[in-house]
Amino acid sequence: MGMTVKQRLKTMRISCNLLTSFLHDLIDWTQIKMDKFNKKMDNFNLQETFEDINEMMKFKADMKGTYCRVEFEDLPKLVYGDNQRLMQVIINLISNALKFTFEGGVTTRVKYQKETKKIYCEVQDTGEGIKKNN
């Protein structure tokens with residue numbers, strides 16, 4: 001089953017965003033070394049951010065014959081924070097999980113706890129994990 005033109009364009013857009021993210025990583029590293037690191041705080045749609053990340057990572061999972069999915073629970077419409085840094089961290093977590101998952105796949109769960117006003121993210125994979133040394 002092939003991808004539609006719309007799906008391909010969306011994948012290209014997300015991939016461009018990933019490349020931009022990598023460039024930001026490099027700039028951030030340089031700024032940290034020069035002691036000039038700045039956060040870019042703003043309101044953003046958390047669910048949309050995770051859906052974009054999942055679409056991009058799903059492309060990688062499809063090539064391996066595995067799955068990549070995201071689940072949400074009680075998310076607020078907008079959150080305030082550094083969207084670019086969040087994307088960098090989550091992409092790294094999912095990418096590492098996919099790297100060592102050869103059957104099954106990776107599930108990311110994002111939920112908001114109203115009582116504590118905190119957002120929790122969990123990345124779970126079906127990979128075999130790290131073997132214990134005897």
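The exercises below work through the helices and strands, salt bridges, a pocket and a hairpin of one predicted protein model.

Residues are numbered from 1 along each chain as its sequence is written, and side-chain values use heavy atoms, with hydrogens and water left out. Since the model is predicted, local features need pLDDT of at least 70 and side-chain atom pairs count only at pLDDT 80 or more, while totals for chains, interfaces and linings use all residues.

**Exercise 1. State how many helices and strands the protein has, and in which pattern they follow one another.**

Step 1. Helices (H or I, at least four residues) and strands (E, at least two) are taken as DSSP runs, numbered from the N terminus. On this basis the protein has 3 helices and 5 strands.

Step 2. Read along the sequence, these elements give the pattern α-β-α-β-β-α-β-β.

Step 3. A residue is called buried under 20% relative accessible area, exposed over 50%, and partly exposed in between, with a 1.4 Å probe and protein chains only. Of the 134 residues of the protein, 30% count as buried.

**Exercise 2. Work out where Asp-82 lies, whether Asp-82 is buried or exposed, and what its side chain meets.**

Step 1. Asp-82 is placed in the loop between E3 and H3. With a relative accessible area of 13%, Asp-82 counts as buried, and Arg-85 is buried too.

Step 2. The side chains of Asp-82 and Arg-85 meet in a salt bridge of 3.7 Å, N to O. The side chain of Asp-82 also reaches the backbone nitrogen of Arg-85, at 3.2 Å.

**Exercise 3. Describe the second largest pocket by its volume and its lining.**

Step 1. On a 1 Å grid over the protein atoms alone, a pocket is an open set of points where a 1.4 Å probe fits, with protein on both sides within 12 Å along at least five of seven lines, and lining residues have an atom within 4 Å of a point. The volume is the space filled by probe spheres set on the points, and for the second largest pocket that space is about 200 Å³.

Step 2. The lining of this pocket has 16 residues, and Phe-44, Leu-46, Gly-81, Asp-82 and Leu-86 lie nearest the centre. The elements giving two or more residues to the lining are H2, strand E3 (79-81), helix H3 (83-99) and strand E5 (118-125).

Step 3. Ala, Val, Leu, Ile, Met, Phe, Trp, Tyr, Cys and Pro count as nonpolar, Asp, Glu, Lys and Arg as charged, and the others, Gly among them, as polar. By this division the lining has 12 nonpolar, 1 polar and 3 charged residues.

**Exercise 4. Describe how E4 and E5 pair, and what lies in the loop between them.**

Step 1. Two strands pair if DSSP finds at least two bridges between them. E4 and E5 pair in the antiparallel sense over 8 bridges, and the bridge partner of Lys-111 is Tyr-120 in E5.

Step 2. The two strands E4 and E5 form a hairpin with 4 residues between them. Lys-117 lies in this loop and is exposed, with a relative accessible area of 67%.

Step 3. Most residues other than glycine have a negative phi. Lys-117, although not a glycine, has a positive phi of about 55°.

Step 4. Lys-114 is also placed in the loop between E4 and E5, and counts as exposed at 55% relative accessibility. From C-alpha to C-alpha, Lys-114 is 9.3 Å from Leu-75 in space, with 39 residues separating the two in sequence.

Technical notes
Salt bridge = Lys/Arg side-chain N within 4 Å of Asp/Glu carboxyl O. Polar contact = N/O pair within 3.5 Å; in protein donor to acceptor, adjacent residues only side chain to side chain.
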